[in-house]
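Keep the view open while reading.

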Amino acid sequence: AGASTAILQRCYVYWSDANDKLLPPMRITPMLKHHHHKTLPGAAESLCDAAAKNDVFRLKLLVEEDHCNASVADYDKRTPLHLAASEGAFDAVKFLVEEAHVHLDATDRWGRTPLDDAQTNGHHLIAVYLRGHL
């Protein structure tokens, strides 16, 4: 009886978009569907912000749910990979390279690559990782 109740509650929360604070992960997809068009215009800024903060969960939502291109660049032509490499956000770098399949040789307006940013900022593990995937 307990398992049936839990399953029914999860189904109800998922399909009805109910405000259930016990099961917030079930509401992520419906919430994104309602805000889909709002995230697209600022995709570069949202992706770069998530990458810089090593927020892989948010990166996955933007790339997989909102279908944002993870290789987009901001006003300085810096990609999310540039920001993640600059900030030492290894998990974000790994997601962008292995799952989002971003371009590793993208250059910003100063001609710098994400590898250059990792080396300049002393993030040697990220630099080694990026060299291994070039």
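## Terms and basis

Buried means under 20% relative accessible area, exposed means over 50%, and partly exposed lies in between (1.4 Å probe, protein chains only). This is a predicted model: local features need pLDDT of at least 70, side-chain atom pairs count only at pLDDT 80 or more, and totals for chains, interfaces and linings use all residues. Residues are numbered from 1 along each chain as its sequence is written, and side-chain values use heavy atoms, leaving out hydrogens and water.

## An enclosed helix

Start with helix 5, residues 80–87. Helices here are DSSP runs (H or I, at least four residues), numbered from the N terminus. Seven of the eight residues in helix 5 are buried, so the rest of the structure largely encloses it. The buried ones are Pro 80, Leu 81, His 82, Leu 83, Ala 84, Ala 85 and Ser 86.

The cover over these residues includes helix 3 (43–52), helix 6 (90–98), helix 7 (114–120) and helix 8 (124–132). Just after helix 5, Gly 88 has a positive phi of about 75°.

Leu 59 sits in helix 4 (residues 56–65). Its relative accessibility is 0%, so Leu 59 counts as buried. Contact means heavy atoms within 4.5 Å. Leaving aside residues up to four places away in sequence, Leu 59 touches Leu 47, Ala 50, Ala 51, Ala 92, Phe 95 and Leu 96.

## Cysteines

A disulfide is a pair of cysteine sulfur atoms within 2.5 Å. The structure holds zero disulfides. Cys 48 is buried at 6% relative accessibility. Cys 68 is buried too, at 7%.

## Salt bridges

Side chains of opposite charge can pair when their charged atoms come close. A salt bridge puts a side-chain nitrogen of Lys or Arg within 4 Å of a carboxyl oxygen of Asp or Glu. The count by this rule is six.

Arg 109 and Asp 76 form one, at 2.9 Å from N to O. They link distant parts of the chain, 33 residues apart: Arg 109 is in the loop between helix 6 and helix 7, Asp 76 in the loop between helix 4 and helix 5. Arg 109 is exposed at 54%, whereas Asp 76 is buried at 11%.

## A charged network

Which residues are linked in a network of salt bridges? They are Arg 78, Asp 108, Arg 112 and Asp 117. Arg 78 pairs with Asp 108, their closest N and O atoms 3.4 Å apart. Both Arg 78 and Asp 108 are buried.

Arg 112 meets Asp 117 at 3.1 Å, N to O. Arg 112 is partly exposed at 26% relative accessibility. Asp 117 is buried at 4%.

How values were computed. Helices (H or I, at least four residues) and strands (E, at least two) are DSSP runs, numbered from the N terminus.
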